[in-house]
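Here's a quick briefing to read alongside the model. Keep the sequence and the 3D view open as you go.

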Amino acid sequence: MRRYRIACWMLGIGMSLGIARVAAEPMPAPGVDYRARARAPQGVEMSVAHHEGRLRMEIDSDNLSNGMVSLIDLGRHDMIVLMDMPGMDRIAVEMDLPPGFSYSDANRQGIRAGTGEVLGEACELWRFETKALAQPVESCITADGIVLKTSTSVDGKPLVLFEVLELERAPQDPARFVLPKGVKVRRLPSSMRSLLPDLVR
C-alpha cells in the first residue's frame, strides 16, 4: 500500500512511467511558473510548484514533523527528497527519476483523447499506459503544460490519482527549488529506491 501511494503521487505529477508508444505523440511540458494545491488518494494533500524546469513537491505526513519535500531537476533527471524526522537531523536523499517520468523525458508520448475542464480551465485529455498500473491513465493538461487532473480505474471503479484544487500562475522564488545550505545529500542507489516509501510513510 505504501508503494502504491507513492506511485500515485508520481503518476499524478509526472503522468508517465513507461508509456505505450503506439500512435502516440509528444505531450505538453510545463512552460510557466505556477504553484498549486492538490489532492491524491486516501486524503493525501500536497503543494506543487514549478520554476524554469524545476519542481517542488511538498507532501504532508503524520510520520514526519514537517512532511516530505521533493526537489526535482528536470534537466538533470534527478530528485532530492528532504525529510525532517523526529529525533534526527534533516535527511536529504538524491536519486534518479523513474524511467519515463513526464517532465524529465523529452520523448514523452501519449494519445489525445478529447478535451476537459478543471477549475474552470480548459485542458486537453491525454491517455497513456504505465507499467505501474494495469489500466490506462488519463491526464488533463493545459495548453501551457500544467497537469490539472490524472485518473485511472481500479477493479472497474474510477480513481483520481491527482487533482488540482487551487492554481496560481505567478513568478516563483528560485531559492525554493534548490537544496538548503548546509544540508548534506546522500546518493540512493537505484537498487535501493524501493526502500524510500518505507522510510517516509
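The side chain of Thr 142 makes a polar contact with the side chain of Asp 144, at 2.4 Å; a polar contact here is a pair of N or O atoms within 3.5 Å, where within protein one must be able to donate a hydrogen and the other to accept it, and residues adjacent in sequence count only if both atoms are side-chain atoms. This is a predicted model, where local features need pLDDT of at least 70, side-chain atom pairs count only at pLDDT 80 or more, and totals for chains, interfaces and linings use all residues. Residues are numbered from 1 along each chain as its sequence is written, and side-chain values use heavy atoms, with hydrogens and water left out.

**Around Thr 142**

- Thr 142 sits in the loop between β10 (137-141) and β11 (147-154); strands (E, at least two residues) and helices (H or I, at least four) are DSSP runs, numbered from the N terminus.
- With a relative accessible area of 2%, Thr 142 is buried; buried means under 20% relative accessible area, exposed over 50%, and partly exposed in between (1.4 Å probe, protein chains only).
- A polar atom of the Thr 142 side chain also lies 2.9 Å from the backbone nitrogen of Ile 146.
- Leaving aside neighbours within four places in sequence, Thr 142 is in contact (heavy atoms within 4.5 Å) with Pro 28, Glu 121, Ala 122, Cys 123, Leu 148 and Arg 169.

- All six residues of strand β5 (residues 68-73) are buried.
- Met 68, Ser 70 and Ile 72 point one way from β5, while Val 69, Leu 71 and Asp 73 point the other way.
- Strand β4 (residues 54-59) pairs with β5 in the antiparallel sense over six bridges, and two strands count as paired if DSSP finds at least two bridges between them.
- Arg 56 stands opposite Leu 71 in β5.
- β5 also pairs with β6, again antiparallel and over six bridges, and Met 68 has Met 83 as its bridge partner in β6.
- The hairpin of β5 and β6 has four residues between the strands, and His 77 in this hairpin takes a positive phi near 65°.

- Strand β6 (residues 78-83) pairs with strand β7 (residues 91-96) in the antiparallel sense, over six bridges.
- In that pairing, Met 83 stands opposite Ile 91 in β7.
- β7 pairs with strand β13 (residues 186-187) too, this time in the parallel sense over two bridges, with Glu 94 opposite Arg 187 in β13.

**Nonpolar cores**

- The largest nonpolar core has 35 residues, and Met 46, Ile 72 and Phe 162 touch the most other members; a nonpolar core is a set of buried Ala, Val, Leu, Ile, Met, Phe, Trp, Tyr and Cys residues joined through side-chain atoms within 4.5 Å.
- Strand β9 (residues 121-128) gives the most to this core, with four residues.
- A second, separate core has six residues, including Val 69, Ile 80, Leu 82 and Ala 92.

**Two loop residues with positive phi**

- Most residues other than glycine have a negative phi.
- Gln 42, in the loop between β2 (34-39) and β3 (45-51), has a positive phi near 60° and counts as partly exposed at 48% relative accessibility.
- Leu 119, in the loop between β8 (109-118) and β9, has a positive phi near 55° and is partly exposed, with a relative accessible area of 46%.

**Whole chain and confidence**

- The protein chain has two helices and 13 strands, and 47% of its 201 residues count as buried.
- Residues 24 or more positions apart account for 53% of the chain's contacts with a separation of 6 or more.
- The average pLDDT (the predictor's confidence in each residue, from 0 to 100) is 77, and 70% of the residues score at least 70.
- Where pLDDT is low, the predicted coordinates should not be read in detail.
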